[in-house]
Amino acid sequence: MALAIEEDAALFDPSYVPPTAATDRWNIGRARSIPRERQLPHAINPASTERQPETADTFGRRQDSFVGQHSEDARGDRAPVTQKPARARIKEATVPPPIRLHAEQHKTSVLDAAGKKLKTSTTSGRSPFAFPRTDEIRTMIKQATSSKSRELLDQAHSLVVQALTAEHKGVPLDNPMIDVCALLCRTCQDMGNFDAAREVLELVLERGPVSEAAYYSFQPLELLDEIVGKLDVLAEDGRVPRSSLSAAVDLYCYRFPAEPQMRTEHGFNIGKRLTEMSFDASSLAQIETLYWRCISHHRDDIRFTEWYITQLHEKGEHKLAIKFFCLTYAKMSPTFASIEEVGTAVVESVVKAQGYKASKVLQTLAQHCSGEWNAGELHSTWVMKLLDAHWTWKHDLDETAALFTSLKQRGLKNVVRHPDGVWRVMIEIAYKAGRPDVADSYFKEAIAEKDVFETDYLTVMLLATLKAKAGDWAGVYQAIGGLGPKVFQDAYMGERVSRRLVPILKLYADNHTIAETDALVRRFITELRVPICQHLVTFMANEYGSVRDLTSLLAWLEYCAAQGFKVNATFTNAVLSSCRHTWKFCYKDLRNLYLKLKAAGEEYTDDYTERMMADAALSLASPKKEWRGHLRNLIGSTRIKTAKSVVMAGKACSADDIVLRMKEEIVLRRQQNAIKIYCRAVRQGFELPVPALHLAIKAALVTQDGGLETAWDLIRKAEKRGVDISSCTVRIIKAQLDRIDPALENEQKYQAIMRILDEAKQSGLCGDGFSDVVLNQAAHMCLKANNAGAAIKIAMTAAQAHEVGGKPSPCYNVYNFAVLLQAWTVRRDVRMLRHVVARAKAQLYWTDMFCLKALKNAGRTARGHRFPDGEVVALLDEAVEHCVRARDELRDEGLQLQSGALEIMRAAAEAQKKGGAFEDVLLAQRQDAQEMSASEEAKGMGADAVEELLMAKRHDTKGNMSLSSAKRRGARLKEEMERGREDDGLEGWDHLDKAFPSEEHAFD
């Protein structure tokens, strides 16, 4: 207690010096000795006046007697009293002279300070050791300021902090205490103790409402300057702590009881810097409060407001951007450049916010762009997007029509420069609302207002598309026919009408046969004179190729050339694509066809053709021993122009070049180069397609060390950029399945497969459900684990994603077929094997090499069984033979397509070069080819028979134009030979009859 009193009194001694370590040891030893003294016998009776032995005497008698024993002389005549011997007191440690002197000085100063305090408090009646008053703390702070004493300032800071934390939060401080705290805060800033100043200001603001004048008496802006400076240093390294930034914003955005009146440039600059840091750190919890405090310093600062709105849009705070646009920006006077930038950002925010306050934004933009403000042009794209967004928000045609009517009342031509686009949006909205009558009325009104002309192909084709979605095909034909021949004769407009006709035809093909689609296309071309564009040629070629209708495909190409379509690279791309994907050309045959087409003229190939050939070369699977040199020779012989040096150097190039180069690096087993190319392109701002991300993930997963982590890092970064990664997680799960140790036991393999699938499902990696790719891979792994039952179950689960008529569709692709085929072979179930093989024969993949390998593998499994089933082996052998025959037939059809396409293109090229009719040139070429073929086949025949045969060919050529060239040739030669045998009695018909079978079975 004595020590506490002395220390309390020492606080008010200006000459007080903190005690040293030796003094502290002395005081501790002294405090410990007091309880021991109280336990002595003489300490029990305080009234006893008997002299107690001193420490030195006790120490001197320790060797002669016990402590507390006295001689007879000392006791005198008193009766003997038995006393408990007193404990010996250990002599305190001797303190060196300098330290003892210091302690004595400290004791003297403390006593003097306590005496002074006692004298001053005697008259006032206040305890000399009570907590200091506010004026005393003020005096201490002033003394610290005058003496520049850091120790005294720390004592004052400690007292103020104790005073502020002693009371509950929310209790307002009185003005004298606020003045003292402000003085302390300013003094701490002057002496460089900004942390203490910040602590005092935060405690004062926590206690209760503080007026604006009192707040600025703490000099908060100077304090915030120091805080912002430290945050700037951290921001350079990109590691600004959100907690520190949030605390700084709290100090700046303190809410006053009244409206802020202080407006300074200094305050605005600090607020703007804090706002920039908040946007950079994506710490947007107080971003709205920051704006209002900044704008209180700079009233109606339009440049800061437009920057603030665009930043909100970029950070995805679309509703806040719309709110500030309607509240603040609408009341300002923006310039033309400002309304261009802010208007585009706000309209995009409305679209992404699903139409939030679309009507208010449209009215504000129309007001700014009106004749009164004349701040800029109200773009028709803004109006179109806002009207469509308003419909998305309200789903009420009447309200959207009312908003559109408000624009029409002022004259739509006076509001927007291109009113036809606005009319198109309203027509589309009317169809979305299920009101085709309103759409037709809008179209007629637009023509009456002369905002849209009858020859406006954009509006007409939009109306036709909407009618097609509604199933009104008569209306589609009528709408397109209303454009008139003037539009179709114009090269520019005719080509765009033909291009926009393709989506309409795709809608028609979804619910009609290919023959019906072909008839509709020819009706548009023949009756309405719609020109043929390259998209229309490719569309119909793909339709015929999807069902492997070789005759119709060649007839379609021939029809296009006859209608005047200029044969160019479009023909080449359509033919090469069909030969590669539909007729399964090997790369060697595909390359030969490509070189033949390119030899006909440079106009028959383009960049797409070369990329398609390069992709075919890179997709080639060849033996491991010769794959490198084989690939190099194939790419070199294709004469593909690559941009390797440009891509590897990171210079400007296209996304297609980057993807092609990544494929080549992966094929050449340089996966790290592929990843580097992808990452460099992303840093340079290329908008790469999702397949590029797939290639980067594939390259990462091939590497053994850290490949999975690299793939995850690529996926996370792509997700932050807004890339759809739903198809990328499949590769991660598939890679985990592939990495199962093959040395494990079968049961352990199956448990590992199930564990991977369960973990993916629990982590949400599979989304709504597993992809069929993952399930087929898992089923294949179950087969390796000798668990055919689980493989069948998982494969059937994958087939449920491809339901037909509400039932699963097993064998929907070649991988599902391979799993089911192998599983039922293991189980030796003949009935299910017949069902699986029958379903596979009806699919286009039946002629794939992978399908043939799956059949052969199943045959080896059936023969390798301990007790082979003869019926199963026979069934699989028959399936292999059927697959081989189908592949041979497919190859023959591909060769026919190749020869037919070359024939058509050569005839078209000659017709374009000589200016003749395509039909005549093609007919002449076919007659020459038939005459040459007939001359070789009719060797040994009489001259009269040959002449009659050739004359008959010339007369019969036009009659067989509906058949393919091979079928026409076979039918005509058979008829001519039969006629020659009847006239001239020629023999050998039986031999020729075998050589030329009947028309129905010529190409079975």
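Reader: What share of the 1004 residues of the protein chain counts as buried?

Author: In this predicted model, 43% of the 1004 residues count as buried.

Reader: What makes phenylalanine 304 buried?

Author: Its relative accessibility is 3%. Buried means under 20%. Phenylalanine 304 is therefore buried.

Reader: Where does phenylalanine 304 lie, and which residues does phenylalanine 304 touch, not counting those up to four places away in sequence?

Author: Phenylalanine 304 lies in helix α15, residues 302-314. With residues up to four places away in sequence not counted, phenylalanine 304 touches Phe268, Lys272, Thr275, Tyr291, Cys294 and Ile295. A contact needs heavy atoms within 4.5 Å.

Reader: How far apart are phenylalanine 304 and tyrosine 291?

Author: They are 13 residues apart in sequence. In space, the C-alpha to C-alpha distance is 9.0 Å.

Reader: Why are cysteine 253 and cysteine 326 called buried?

Author: Cysteine 253 has 12% relative accessibility. Cysteine 326 has a relative accessible area of 11%. The cut-off is under 20%, so cysteine 253 counts as buried, and so does cysteine 326.

Reader: How many helices and strands are in the protein chain?

Author: There are 51 helices and zero strands.

Methods. Residues are numbered from 1 along each chain as its sequence is written. This is a predicted model: local features need pLDDT of at least 70, side-chain atom pairs count only at pLDDT 80 or more; totals for chains, interfaces and linings use all residues. Side-chain values use heavy atoms; hydrogens and water are left out. Helices (H or I, at least four residues) and strands (E, at least two) are DSSP runs, numbered from the N terminus. Buried means under 20% relative accessible area, exposed over 50%, partly exposed in between (1.4 Å probe, protein chains only).
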